[in-house]
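Let's walk through this model together, starting with its domains and ending with a few local details. Keep the view open as you read.

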Amino acid sequence: MMSMKLLVRLIVAALALVLVAVATGASVVAYAWNTADVDTLGRVDFDRPLQIPPLETGTVTADGTRVFDLELQSGTTDLGHGPGTRTWGFNGSYLGPTLRAARGEKVRVDVTNHLGETSTVHWHGMHLPAAMDGGPHQTVDAGETWSPNWTVDQPAASLWYHPHLHGSTAQHVYRGLAGMFLLDDPAAATTPAGRALPREYGVDDIPLIVQDKQFDGDQLDAGAGTFSNVGTLGDEILVNGTPRPYLDVTTEAVRLRLLNASNARVFDFSLESGMQFDLVGSDGGLLEHPTPVSSVQLSPGERAEIVVRPRPGTRDVLRSTPPDLDVDFFQKRFSGGDDSFDILELRTSTVLESSAALPERLTTFEDLGEPSTVRRIDLNGTNMINGREMDMSRIDDVVPAGSTELWEVRNGSGTHHNFHIHDVQFEVVDATGTREDGALLAGRKDTVFVPPNTTVRLLVRFGDHSDPAMPYMYHCHLLRHEDDGMMGQFVVVGPDDAARVDGVTDHASPGGHGTHGG
Ligand code: C2O
Ligand code: CU
Ligand code: CU
C-alpha cells in the first residue's frame with residue numbers, strides 16, 4: 001500500500017506541474033499578446049522608387065485575338081532582405097505584368113508552367129466560361145501550356161490574376177504569383193468621365209498591389225502565429241514587390257488602383273495628412289459617382305480605385321490603420337485588427353501638370369432585375385460552407401443561366417470572413433451601414449467583407465456561359481480558409497442542360513446536392 005507520505009508528495013508534485021503548465025500557458029499568451037501587434041507608422045524609410053509592373057498589351061493575331069504570354073517561374077528577388085529571397089512570378093521572379101485588354105476584344109492567354117509543380121491561373125473578377133476560369137479544375141501541370149480564351153464582355157475594371165490550386169492557393173500567392181488585369185471600355189473612354197479620369201499607366205494611373213509579408217532571415221516565412229486563425233500575417237509591406245516604396249507625383253491628380261493581394265490581412269487605407277480623396281471605383285469598375293472619403297477598407301481580393309490630389313511640394317504617406325473587423329478583442333489582436341502600417345510615400349513636385357476635374361457622374365449601372373431565387377450561404381468556422389468542406393467532385397449549387405438571385409451570406413462564426421463569387425459582379429443590397437467607405441459597397445463587387453454575426457445580401461445576375469459539367473467557385477478569400485475548404489462549387493445551366501446536371505450531382509457526397517434556395 002502507498003504510504004501517506006508518498007501520496008502527499010505525489011499530490012504536491014502533480015499540483016506543481018499544473019501550476020507550471022498554467023504559468024507557462026499564461027506566459028505564452030502574454031508573450032503572444034505583446035508581440036502580436038505591428039505598428040510601423042513613422043518608422044519606414046521610404047528609400048526605393050515604387051516599381052510599376054510592366055504593362056503587357058500582348059499581340060493581336062490576324063483574326064483579331066489579343067494574345068498574352070504568362071510564364072510561371074521561380075527565381076530570387078530583392079524584397080528588402082538581400083538578393084537571395086526565393087520567390088515565384090510570372091515572366092519574372094516576383095508578381096507579374098499588368099495585362100490590359102478592352103471590352104469586346106477576343107483574348108487568349110498562353111499560360112506556361114515552369115515551376116516544376118502543378119498550379120493554375122484564375123482571372124479574378126472576369127466574366128467568362130467556367131472552363132476558362134482557371135479555378136481548381138483547370139490545372140496546368142509542370143512543363144505544360146494552357147491557353148484559355150474568351151471575349152471581354154464587362155465594364156472597364158481593375159481585375160487581377162492568381163493561382164487557385166485547391167489546397168495550395170495561399171502558398172502559391174504568398175510566394176509571389178499575382179498580377180493585375182485591367183479592362184478598358186472604348187465606349188466609356190469618350191464620355192466626360194473617361195476623359196477626366198487619370199489614365200496614363202505608370203504616370204498618373206498607378207496599380208498598387210499591396211501585400212504584407214514576414215521573413216525568416218532572408219526568406220519568406222509563410223507561418224502563422226499560434227493564435228491566428230486567419231493564416232499568415234506579415235509585419236512588413238510590399239507594394240508591387242517594392243519594400244519601403246515612394247512614388248513621385250507629377251500631376252495634380254493621381255489615380256491609385258488599390259489591390260489587397262494579401263493572404264489574410266484587412267487594410268484600412270488613409271493618408272497621413274488626413275486629406276480626403278475621391279473613391280471612384282470598386283471591384284467591378286467605376287462607381288456611379290465619385291465619393292469623397294478619408295479612408296477605404298479592403299479585405300483580401302478586394303480592389304478600390306481612388307483619385308488623390310496631393311498639395312504641390314508636399315510629402316504624404318498612404319497608410320493603413322486598424323481595420324474595423326467587428327471581432328472580439330482576442331481575435332482582433334491575433335488577426336491583425338490592432339496593426340498599423342506606413343505603405344507608400346507620395347512625393348509631390350512643386351510644379352504639377354494639370355488634371356481635369358471629375359464629373360459628377362462616372363457611369364450608370366445596369367439594372368440586375370428581380371431575384372427569382374433566394375440562396376442561403378452559411379460560413380461555418382474557418383473551413384466550411386453550409387456545413388461542408390469543399391469537395392471538388394460535388395456540385396453544391398445549380399444556377400439557371402441569365403437568372404438573378406439573392407444570395408444571403410451569413411457569418412455565424414466568431415471569425416471575420418469575406419465572400420467571393422467567380423464570373424459575376426454583384427450588387428450589395430442594403431449597403432447602408434455606418435462605415436465611411438460604405439460608398440465602396442455602392443459599387444459593383446465580386447468580393448465583400450462579412451464580419452461575424454452579420455448577413456450580407458447580394459443581388460447576383462448570372463451570365464450566359466452555361467456548362468453543366470464545369471463549375472465556378474464561391475469562397476472566402478482569406479486564403480487559408482479557402483484552402484481549408486471554405487469553398488463551394490456552382491454550375492450555370494441552360495434550359496437543355498438539366499438532365500446532364502443530374503448526372504453531375506450523382507457524384508455528390510452523402511448529404512446530397514444542396515440547393516439552399518426556394
Ligand atoms: Cu481571387 Cu476564387 O479567387
Ligand atoms: Cu475569383
Ligand atoms: Cu474566411
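What follows goes from domains to sheets, then to salt bridges and backbone angles.

A word on the ground rules: this is a predicted model, where local features need pLDDT of at least 70 and side-chain atom pairs count only at pLDDT 80 or more, while totals for chains, interfaces and linings use all residues. Residues are numbered from 1 along each chain as its sequence is written, chains are lettered from A and ligands numbered from 1 in the order in which they are written, and side-chain values use heavy atoms, with hydrogens and water left out.

Start with the domains. The protein splits into domain 1 (48-184), domain 2 (194-353) and domain 3 (373-510), with bounds that come from an automatic or database domain assignment. Domain 1 puts 25 residues into the contact and domain 3 puts in 24 residues, where contact means heavy atoms within 4.5 Å.

How much area is buried between domain 1 and domain 3? It comes to about 1,900 Å², and carbon and sulfur atoms give 60% of that. Buried area here is the accessible area (1.4 Å probe) that two parts lose on being put together, summed over both. On the domain 1 side, three histidines lose the most area to domain 3, namely His 127, His 137 and His 166, and together they make up 30% of what that side buries.

As for what bridges the two, there are zero salt bridges between domain 1 and domain 3, a salt bridge being a side-chain nitrogen of Lys or Arg within 4 Å of a carboxyl oxygen of Asp or Glu. The elements giving two or more residues to the domain 1 side are strand E8 (122-124), strand E11 (157-162) and helix H2 (169-174). Those labels are DSSP runs numbered from the N terminus, with helices (H or I) of at least four residues and strands (E) of at least two.

Strands E8 and E11 turn up again in an open sheet of five strands, ordered E2-E6-E12-E11-E8 with mixed pairing. Two strands pair if DSSP finds at least two bridges between them. At the edges sit strand E2 (55-56) and E8, each pairing on one side only. Further in, E11 runs antiparallel to strand E12 (residues 179-184), joined by five bridges, and Trp 160 stands opposite Met 180 in E12.

There's also an open sheet of six strands, in the order E1-E18-E26-E25-E20-E23, again with mixed pairing. Strand E1 (48-49) and strand E23 (295-298) each have a single partner strand, so one side of each is left without a neighbour in the sheet. Inside this sheet, strand E20 (residues 267-271) and strand E25 (residues 315-320) run antiparallel with three bridges, and Leu 271 stands opposite Leu 318 in E25.

Back to charges: the structure holds 33 salt bridges. In one of them, the side chains of Asp 283 and Lys 445 meet at 3.2 Å, N to O. Asp 283 lies in the loop between strand E21 (277-282) and strand E22 (285-293), and Lys 445 in the loop between helix H6 (438-441) and strand E33 (447-450), so the pair ties together parts 162 residues apart in sequence.

Finally, a look at the backbone. Most residues other than glycine have a negative phi. Asn 386, in the loop between strand E28 (384-385) and strand E29 (397-400), has a positive phi near 50 degrees. Asp 423 also has a positive phi, about 75 degrees, and is found in the loop between strand E31 (417-421) and strand E32 (427-429).
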